[in-house]
Amino acid sequence: MKNFIFPFIALLLSLLLFSGVFFFFKPCLFKPNCKVASETQKDRLAQEAHLIAKRKIKYKASYQIIDYPGGDIPASQGVCTDLVIRAYRKIRIDLQKEIHEDMQKNFHKYLQTWGQKKADSNIDHRRVKNLSKFFQRKGKILPITDNPCDYKPGDIIVWDTSFGNKKLDHIGIVANSKALWCSGRYQTLHHGWGNPREDDSLFLWPITDHYRYP
């Protein structure tokens, strides 16, 4: 019996080692042939979001009274939508103003689950579902696939980060930088907890929306 157990254990360990090595290098074996943007072609929105993601910004989700247009919560605070809004403002697009004006004219077309009766310039643009609806209406809806080549710097990604019975949406921007190893995919810029970050999370959660705006 002992003569059988030791070879079996050795075989099992060898298989586990081989499986680990295979999955580690799998991205290199099946690397997609994605076109890489040159330095001069890098997306401006992604560049601005990258600079924002380098700051220490405390994750804080709360309703706050802010100016309009061009209003913002304190620069030391923010959530995922704030990273997107601030990056767009750096390229002279004020989503607070754009969304507020669209919601004033088309309030019934936006999903309202917060008991609102009219548009609110303090908070509407800071909600993922409102950003998604605006990008659907005014931007370009892009396909959702498992091919990393389909996701380019500056694209807007919305994920389903729900757990249990709690429905949670999360939004981010595809970065200019590539992920590590041979995956072929770009990193993403987002603010889900702690400080904003730039990391390899494109396929970390199910993607529900994929946009380009403008």
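What is the relative accessibility of Asp-160? At 22%, Asp-160 counts as partly exposed (buried means under 20% relative accessible area, exposed over 50%, partly exposed in between, with a 1.4 Å probe and protein chains only).

The model is predicted: local features need pLDDT of at least 70, side-chain atom pairs count only at pLDDT 80 or more, and totals for chains, interfaces and linings use all residues. Residues are numbered from 1 along each chain as its sequence is written, and side-chain values use heavy atoms, with hydrogens and water left out.

**View 1. Asp-160 in a network of salt bridges.** Lys-167 forms a salt bridge with Asp-160, and their closest N and O atoms are 3.5 Å apart. A salt bridge is a side-chain nitrogen of Lys or Arg within 4 Å of a carboxyl oxygen of Asp or Glu. The network links Lys-129, Asp-160, Lys-167 and Asp-169. Over the whole structure, the search finds twelve salt bridges.

**View 2. The salt bridge between Asp-102 and Arg-137.** The closest N and O atoms of this pair lie 2.8 Å apart. Asp-102 is in helix 4 and Arg-137 in helix 5, 35 residues apart, so the pair links distant parts of the chain. Helices (H or I, at least four residues) and strands (E, at least two) are DSSP runs, numbered from the N terminus. Asp-102 is buried, with a relative accessible area of 5%, whereas Arg-137 is partly exposed at 30%.

View 3. Among the buried ones are Cys-80, Asp-82, Arg-86 and Tyr-88. Arg-89 counts as partly exposed, at 22% relative accessibility. Arg-89 forms a salt bridge with Asp-94, with the closest N and O atoms 2.8 Å apart; Asp-94 is buried, at 17%. Phi of Arg-92 is positive, near 65°, in a residue other than glycine. Most residues other than glycine have a negative phi, and most peptide bonds are trans. Arg-92 is exposed, with a relative accessible area of 82%.

**View 4. The largest nonpolar core.** A nonpolar core is a set of buried Ala, Val, Leu, Ile, Met, Phe, Trp, Tyr and Cys residues joined through side-chain atoms within 4.5 Å. This core has 31 residues, of which Tyr-88, Leu-95, Phe-135, Ile-156, Ile-171 and Ile-173 touch the most other members. Two or more residues each come from helix 2, helix 3, helix 4 (95–106), helix 5 (128–138), strand 4 (156–160) and strand 5 (169–178). Helix 3 gives the largest share, six residues. A second, separate core has eight residues, including Tyr-151, Trp-159, Val-174 and Trp-205.

**View 5. Surroundings of Leu-45 and Ile-156.** Leu-45 is part of helix 2 (residues 44–53) and counts as buried, at 4% relative accessibility. Beyond its neighbours within four places in sequence, Leu-45 is in contact (heavy atoms within 4.5 Å) with Ala-87, Tyr-88, Ile-91, Gly-154, Ile-156 and Ile-173. Leu-45 and Ile-173 are 128 residues apart along the chain, yet their C-alpha atoms are separated by 8.2 Å. With sequence neighbours within four places again left aside, the contacts of Ile-156 include Leu-45, Val-84, Tyr-88, Phe-135 and Tyr-211.

View 6. Two bridges join strand 3 to strand 8, and the bridge partner of Ile-141 in strand 8 is Tyr-211.

**View 7. Two cis peptide bonds.** The bond from Tyr-68 to Pro-69 is cis, with omega near -10°. Pro-69 is in the loop between strand 1 (58–59) and strand 2 (77–78). Tyr-213 and Pro-214 are also joined by a cis peptide bond, with omega about -5°. Pro-214 lies in the segment after strand 8 (207–212).

Methods. Two strands pair if DSSP finds at least two bridges between them.
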